[in-house]
Amino acid sequence: MAPKKGAPLVVVESPTKAKTLRGFLPQGYRIAASMGHVRDLPESASEIPAKVRGEEWARLGVNVTADFQPLYVVPGPKKKVVSELRSLLKEASELILATDEDREGESIGWHLVQVLEPRVPVSRIVFHEITPEAIREALQHPRQVNENLVRAQETRRILDRLVGYSVSPLLWKKISSGLSAGRVQSVAVRLLVQRERDRRAFRSGSYWDLKALLATTDESESAFSAQLLTVGGKRVATGRDFDESTGRLIEGRDVVLLDETAAGDLRARVEDSEWKVRETEQKPTVRRPAPPFTTSTLQQEANRKLRLSARDTMRIAQRLYEEGCITYMRTDSVNLSQQAIDAARGRIRTQYGEEYLNEKPRQYTTKSKGAQEAHEAIRPAGTEMKTVEELGLSGREAAVYELIWKRTVASQMAEARVTQISAIISAEDATFRASGKRIEFPGFFRAYVEGSDDPEAALEDREEPLPDLSEGDLLALRELEALGHETQPPARFTEASLVKTLESEGIGRPSTYATIISTVIDRGYVGRQGNQLVPTFTAFAVTELLERHFPSLVDTRFTARMEEELDEIADGQAEWLPYLRHFFLGPDGLESQVAEGETKIDPRDASTIRLQDLPATVRIGKFGPFVEYAQGGETVTASLPEGIAPADLSSDEVLRLVKAKAEGPDVLGHDPETGLAILLLTGRFGPYVQLGESGDDGKKPKRASLPKGVQPEEMTHEMAVKLLSLPRTLGNHPETGKDVQAGIGRFGPYVVHEKDFRSLTPEDDVYTVGFERALDLLTQPKRGTRSNEPIREIGPHPADSEPILLYAGRYGPYVKHGGINASLPKGADPETLSVDAAVTLLAGREGAKRNGGRKKATPRGRSGGARKSKASSKGRSKK
């Protein structure tokens, strides 16, 4: 039935949320999606209205001379959305803002009112889950937009703009173009840089010990291991006894330090002695379940257990929320509603049994400083605690939902009872310790065990049995090993440990961590080595400049205090305008600091990095980092290959690079076919082999990167000849007559025909793969795709309900709606692309086609547009 004229209009952020919510609204209600924010500060010069474009403050998008009045514009892709919402509003009896319940959602709702200027009553409803009961309750208890929350969010947005748009241009001038600074981003980068400095300053220490494999006289019992504990009554040194800065024992430690010889002598002395149990201990302990997920802990655990980035985790959680599967995913609270507790306890009874149910409902208290946002933890939505199978989820959505389900259910389960077992075993004047544990009752272990940032840490639910030992028992020695150890540098941050540190220090808000981490990676400040986050040399240069000239911007305590002050504004306990004035215009405000930096900062000094114990300096140049080395009264420079971590750049590597630059490339031999020299060189993207010298005719010589895992010193003439033989032409395709080739590319070995690539399997050899095998591979569909068929349907377009389809194109994935195609931006994950993101891409492409071509991309991927943007600098009354 079509909605009646004069029906209430409900506005949410996304089509997915609208689709789910539509089924729970009273009959006759209309619902529409705003596609996120409908207006924002200008992202590019083209979005700045002509009437203020000449003003000095316009580039900031904030009039700092007029009480920090923000300049709001409606971006090109959002004009159609605004127009449609206005049309719907003309026939509405009421405007109901149903945007998310956090500060961002409050801000979106406020901006909608400012842009739409409704002449009908306006109300605000909030709910933390999209279920019939929650929506009914929200509609019965509407409220007005919370001005304090809006003001706090706007202040936060203005602060971010002032920092980013004031400091970033300074970085462009003093270090390199394309760099950026951010209020929270720069603090996060500094944490990574400081950890890398600690790794560089680290000095390894070595120590030895013994490990025994022992058994009882009962042959049915398994052998167990024991570690050397003391010699002659003194504790044997372990890694914790070493000074990280010297690699030597910490002064004053009364321990025995064994080297290889001493460990070998001790081994020979005790292996034939009597091995006897001197004492045993059994200590009952209790393990309690972790609280339900907050935004931060969900990001951490998904990274540890599922290897998902914070960005992917939040995208998936957003989709699960909008589909009505989980409660709101941006929350600092660990509290569970009574409805959720009852649902979890009911599920425990039916699935695990009464004995696994905690005696009383368990409530958790939020400990996070300044906790805000939603008022309940992330949990399965509804009253039934439905499983993955009952919801019909699959893929990564299923994995994330199951994580949330298990954590929520486990929080209401009985404690696990574990007995810690230890035994001290003597052999001559040495003692060994054997440790184990016995799980007496698994309790919540049946459902969930929390992950660890230490990959070596044993999971709590794993038993480590020891045989039944008693004092005086004689043991049989099966094996005795002398083991050498090296102390390890501080571990680099993973996304999980970085998120944990940011939250514990009170830096930023968990809801922003995914964006922050993505930004520092996309900007080239951070790279990945497996699951580790590694700061680049550019990150070092930027951090050193900020530490010297803007110390407060990268000070964790200052940033944490800033968050507290923003919370005070949100609670109505502080005024926003005096705060902004002090931060930006005060005697030591950001404006004066930037002006001072313009004159005092020397670009050469700012782009120079001095690393501890390195006989060279590292500089940031136009084409990336390079080393400068003084040799024979001259300065020799050499590019640093990508992927070298600052902590791992050694003197030997510097000398090798400088030598290669000064003496020219190594000649591995000559090509048997052409007679040209085969050269081994190192470039920006790492070591490679080249056929012949670079000629004056402008032709680029043939090159091939060294295969993954092959070091330059391992490269032989024979290997180089084979590498340079690629790509191999295997034959002509029977249908087109065009070449079919085999080669090695960025993603490994492949076969290709007319830019249609297929990866080789581990069983295939790129140097020997045959023509028939290549044809067979080329007939197989690419992973996750079918020929001329979409990968998946993303969802209905809000304009006409026609499907938006995702395809795998020759030049990457793209979305299609009607006759409009839009490529996914670099780094976007096709698997997690949402409807609203796809609509924004399509709207930008449609606008470009109307204007006769592509539009120039802006820093955030928005289109500048040739048409004038409607702008508003309308603010609210000053407080």
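**Close-up 1. The loop that holds P727.** P727 is found in the loop between helix 21 (717-724) and strand 25 (728-732), where helices (H or I, at least four residues) and strands (E, at least two) are DSSP runs, numbered from the N terminus. The peptide bond that joins L726 to P727 is cis, with an omega of about 0°. The model is predicted, so that local features need pLDDT of at least 70 and side-chain atom pairs count only at pLDDT 80 or more, while totals for chains, interfaces and linings use all residues. Residues are numbered from 1 along each chain as its sequence is written, and side-chain values use heavy atoms, with hydrogens and water left out.

**Close-up 2. D67 and F68 in the loop between strand 3 (62-63) and strand 4 (69-70).** D67 has a phi near 55°, a positive value in a residue other than glycine, and F68 likewise has a phi near 55°. D67 counts as buried at 16% relative accessibility, and F68 counts as buried at 1%; buried means under 20% relative accessible area, exposed over 50%, and partly exposed in between (1.4 Å probe, protein chains only).

Close-up 3. Together with helix 1 (residues 15-22), strands 1 and 2 make a right-handed β-α-β unit, a crossover being right-handed if, with the strands pointing away from the viewer, the path from the first strand over the helix to the second runs clockwise.

**Close-up 4. The ring pair of Y807 and Y814.** Rings of Phe, Tyr and Trp (its six-membered ring) pair if their centres lie within 6.5 Å, and planes under 30 degrees apart count as stacked, over 60 as edge-to-face and the rest as tilted. By this rule the count comes to nine aromatic pairs. The rings of Y807 and Y814 have centres 5.4 Å apart and planes at 10°, so this pair is stacked. Y807 is buried, with a relative accessible area of 16%, whereas Y814 counts as partly exposed at 22% relative accessibility.
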